[in-house]
Every structure is written in structure tokens, then in C-alpha cells.
Amino acid sequence: MTDATPKVELRGVKKRFGSKVVLDGVDLKIDRAESLVVIGGSGTGKSVMIKCVLGILRPEEGEIFVDGEEVTKLRGRARDEYLKKFSMLFQGAALFDSLTVWENVAFGLIQGRGMNRKQARDIAIEKLAKVGLGADVALLSPAELSGGMQKRVGLARAIASDPQIIFFDEPTTGLDPIMADVINDLIVSSVEGMGITTLSITHDMASARKISNRIAMLYKGKIIWDGPTKKIDASGNEYVDQFIHGRAVGPIKMEVRA
Amino acid sequence: MNIFALVGRAVLTFLAMAGRLGIFTGRAVTHCVSPPIYWSLLLKQMFRIGWLSLPVVGLTAFFTGGVLALQIYIGSYRYGAEAFVPQVVALGICRELGPVIAGLMFAGRVAAAIAAEIGTMRVTEQIDALTTLATNPFKYLVAPRMLAAVITMPLLVGVADIIGIFGGYSVSTSSLGFNGYVYLNNSVNFLTNQDVFSGLIKAAAFGFIVSLMGCYHGFNSKGGAQGVGAATTDAVTSSMILILAANYILTSLLFET
């Protein structure tokens, strides 16, 4: 593996659900330590794309390479090892409600890596502090937290196992603008300088501009534009223009039936 | 629509479902018997699934035993054979009603709880989150529940047998004029190992069915609250039907005079 090898690469990935084509040949490269945001309307297959990389869903066609290794055929123990490179912040945080906050954060360390609870707990408290939560929160259950706090705990859980690649699924959806910005700042501060590669999906442009250094747009199952974040306003692509300015009128027609 | 198309579609849907269930069962059983086994989760589930089912199963067994004694008394009295009440009650409870009644109560309580819990975890992406934290959901969620159900169900039925016979004993001694010592003596001496063990084997099979249905429907629930509700209903009804079907098959297999 050289530095020129992309960290994650998708080649012609196709995924259908019944007769509905969700991904129609996605090609995408993410370099090491790069922060890529994929934008696109609701139901354009952004989440499906991430689930294909994680192997939660299997694409019908195409290849996915991580560190130059083809991963869609991985099974059993090889797949478990592969998954240790990743972590993910889910849209609804997806915290385990049967566990306390610190057990959630330490989950990957205790279950995934077999670390002892005392040591894992110390790391969990340290990661919670990194996202601005005190040790007093550690013993609460996730149901006692507000949406913004749950997202923070989810972020702490995502960075707890020192992953190489983090996926962010709509990190700011459902939060007020100030809390959304706090989460954006935390995402930037928790990954910068660590050499972590991130792939985020969002339709919140403020968030996309803040947390990315490259943006790609997914439309009708294909990547229709891909470029540096600072060039997004001069993309010359009318689909991108319509999306980033949030106009109802333009080439993108809202499909009522998903 | 063409009748052949309709029949064909129904058959294909059925085969697809049977295939999915078969694959799910295979994966579940593999994870139940291969290391690592999460012992603390297993103990927790044995407590929740087994111990907490004890009051429900015990109460139903008690009343079933009581009713059985009354009805058998009515029937046998017509032939002057009422002395056989203890034997028939013991036989009915151990071979048949203990496992079946406990199994049905277990389905109502445990299949519903498992399906609702795992279904909610599915729709809130907690199961996907497990995968991203390098934890296999089958190992972490399915295996402990299925093992716990298969282990605790025979224990529960053992207790239900005793309570059921005691239910028959209470009714017979209080209102049918039986002597307590003779009643118990007749019950215990009459039963063979085969009578008791065939019931316990059924119990383990019913525990397997209930936990499998709970996990399967929970895992495959879709949508939100409505999807979880549907999964819970499916888990309970399918495990009840499968219990009664399996009961017939097991009874014919274990049939021995």
C-alpha cells in the first residue's frame, strides 16, 4: 500500500431493492486523511452507499476497495477484522438504551477488543470530555439525554476505538442551528491531526462546507459532481447549484413517491 | 389475473420466506454453539426469560391441574373409575399440558418481548451500530436469548409439572374427597421416566421455537412503531402455531406405550 492508494474506493457500485435502483454505478475515491462529504436529496441512496462499504448491505455489482483490498466478498473473521477500521455516527445516534452512557462509549473497546472494563471506562470518560461532556453524564442512560447530547455521546463512541475511517450519517439533522454548529466543530476537532479519513452524508450545506475538504453530489444513483469544497459555488453544474441554493425550481424534480 | 401466476407467486413467496428463515436459523444455531459465548449476557437473559416467566407459568399450571382433576373426575365417575384421577392428571400434565401450556404462555411473554426489543433496535439502527463496533449481532443478541430459552424452558416445565400435579391434588383433596397421601403416592408411582422426559424434550423444542421466532421477526422488522408492532404480533402468533404443530410431531415421535 502506497500513499497513492486511495483509502476507500468504490467502482461501479450498483444496488437495487426489488425493481427500484438505488445506486446505479457509483464511482468514488477518498484519499487518506481526506474529509469527503456526499450531498444529495433525501432518498438518493446516500445511506445505502455507506451501508455497502460497511458490508451491512451487499451491492449486486461493482467493487469496493479499502486500502487497496477488495472487501465486498469478505466473510466471518476477515470481515470482523476489516470492520475494526471503521466507526460510524448514526443519524439518530443509535445508542444502546439498555446500557449507560459510558458503557455505550466503551462498547467497541469492551465487546470488540476485549479490553477490561476499568481501563475502557477511563478511556470512555476521556473521550466524553473530548466532546464536551463531564464525567457526571457517564452514569446516565441515553434516554435521559437531549438529542444534541445523544449526538455527542454517539461521536464519543465513534472516536473511542481510534478508527481509521469514520462515517457520519446526517450528523446535524434534527438539531437546532447552534447545536448543529457545535457538533460540526466537534467533528472537525476530533478528527483533525489524527490522520482519520471521514465520509459524511448530509443535506445540510452549512455543515457540509464546514466539515469537508471535498464534496461530491449523488443524484439518481450516480455521482454527478465531485470537487474541492471551495469550488462548490463555481461548480458550473446546474444540479449542484439548485441543491446548494435550495431552489424548488430547476433540473431536479422532487419525486413524490420514493 | 392468471390463476397460474397467482399460485406461482404464492409458492415463490413461501419458498423465499422458508429460505430466509432457514438461513437465519442456520446462522443463529452456529453462533449458539461456537465460541465466544457471552456468559454474562446469557445469565442475564436466563434471568429475564426464565426466572421472570415463573409466576405466569406456575399460575397457569396450577389452574390447569385443578381443572383437569375436575373434568377427569366427571368422566371417570360415569364408569366408576374415579380412583384413576391422580394417575391421569399426572400423565396429562407431564406428557402434554405442562409443556404446551407453559410453551404458549412463554410464547406470549418471551416471543413478544424479544421481538419488540430486537425490532426497536433494528429500526433505531442499533443493530447496524453493533456491526460498526465490531460486534456480531447474532453473537451478541440472538445467541444469548436462544440459549437461555432452550436451557430455561425445560426447567420451567419441570416446575410447571410439579405445580400442575399440586393443582390437581388441591382440588381432589379439598372438594373430591381424595386422601392426600394416596393421591400423591398414586401420581408419583405411576409416572415413568419416559412420561417426564418426553415433556422436557418438548419443552426445549418449544423454547427454541419461541426464541427463534422472536429473534427472526425482530431482526426483520421494518419501518417504525407500526413495523415493530407487526413483528411482535407475527412472533407471538407464529410461535404459538409452530408450538402446536411441533407438539403433534414430537408426540408421534416420542409415542411409546
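**Close-up views of the predicted model**

View 1. A:L218 stands opposite A:I223 in β10(A). The model is predicted. Strand β9 (residues 214-219) of chain A and strand β10 (residues 222-228) of chain A run antiparallel and are joined by 6 bridges. The hairpin that β9(A) and β10(A) form has 2 residues between the strands, and A:K220 there takes a positive phi near 50°.

**View 2. Pairing of β3(A) with β9(A).** Strand β3 (residues 35-39) of chain A pairs with β9(A) in the parallel sense, over 4 bridges. A:I39 has A:M217 of β9(A) as its bridge partner.

**View 3. Helix α1 of chain A.** Helix α1 (residues 46-54) of chain A is mostly covered, with 8 of its 9 residues buried. The buried residues are A:K46, A:S47, A:V48, A:M49, A:I50, A:K51, A:C52 and A:V53. After α1(A) comes A:G55, which has a positive phi near 80°.

**View 4. The two domains of chain A.** In the domain assignment, chain A is divided into domain 1 (1-85 + 164-252) and domain 2 (94-162). Taken over C-alpha atoms, the centres of domain 1 of chain A and domain 2 of chain A are 25 Å apart. Where they meet, 10 residues of domain 1 of chain A are in contact with 10 residues of domain 2 of chain A. Helix α7 (residues 177-191) of chain A provides the largest share of the domain 1 side, 5 residues. By class, that side of domain 1 has 7 nonpolar, 2 polar and 1 charged residues.

**View 5. Contact between chains A and B.** Chain A contributes 16 residues to the contact and chain B contributes 11 residues. On the side of chain A that touches chain B, α2 (76-83), β6 (86-89) and α4 (107-112) of chain A each supply at least two residues. α4(A) gives the most to this side, with 4 residues. The residues on this side of chain A comprise 9 nonpolar, 5 polar and 2 charged.

**View 6. Helix α4 of chain B.** Helix α4 (residues 85-123) of chain B bends by about 55° at B:I93. Of the 39 residues of α4(B), 30 are buried, so the helix is largely enclosed by the rest of the structure. B:E125, which follows α4(B), has a positive phi near 65°.

Key: Residues are numbered from 1 along each chain as its sequence is written. Chains are lettered from A and ligands numbered from 1 in the order in which they are written. This is a predicted model: local features need pLDDT of at least 70, side-chain atom pairs count only at pLDDT 80 or more; totals for chains, interfaces and linings use all residues. Two residues are in contact if their C-beta atoms, placed from the backbone, lie within 7 Å. Ala, Val, Leu, Ile, Met, Phe, Trp, Tyr, Cys and Pro count as nonpolar, Asp, Glu, Lys and Arg as charged, and the others, Gly among them, as polar. The bend at a residue is the angle between axes fitted to the seven residues ending there and the seven starting there. A residue is buried if 20 or more other C-beta atoms lie within 10 Å of its own, exposed if 12 or fewer, and partly exposed in between; C-beta atoms are placed from the backbone. Domain bounds come from an automatic or database domain assignment. Two strands pair if DSSP finds at least two bridges between them.
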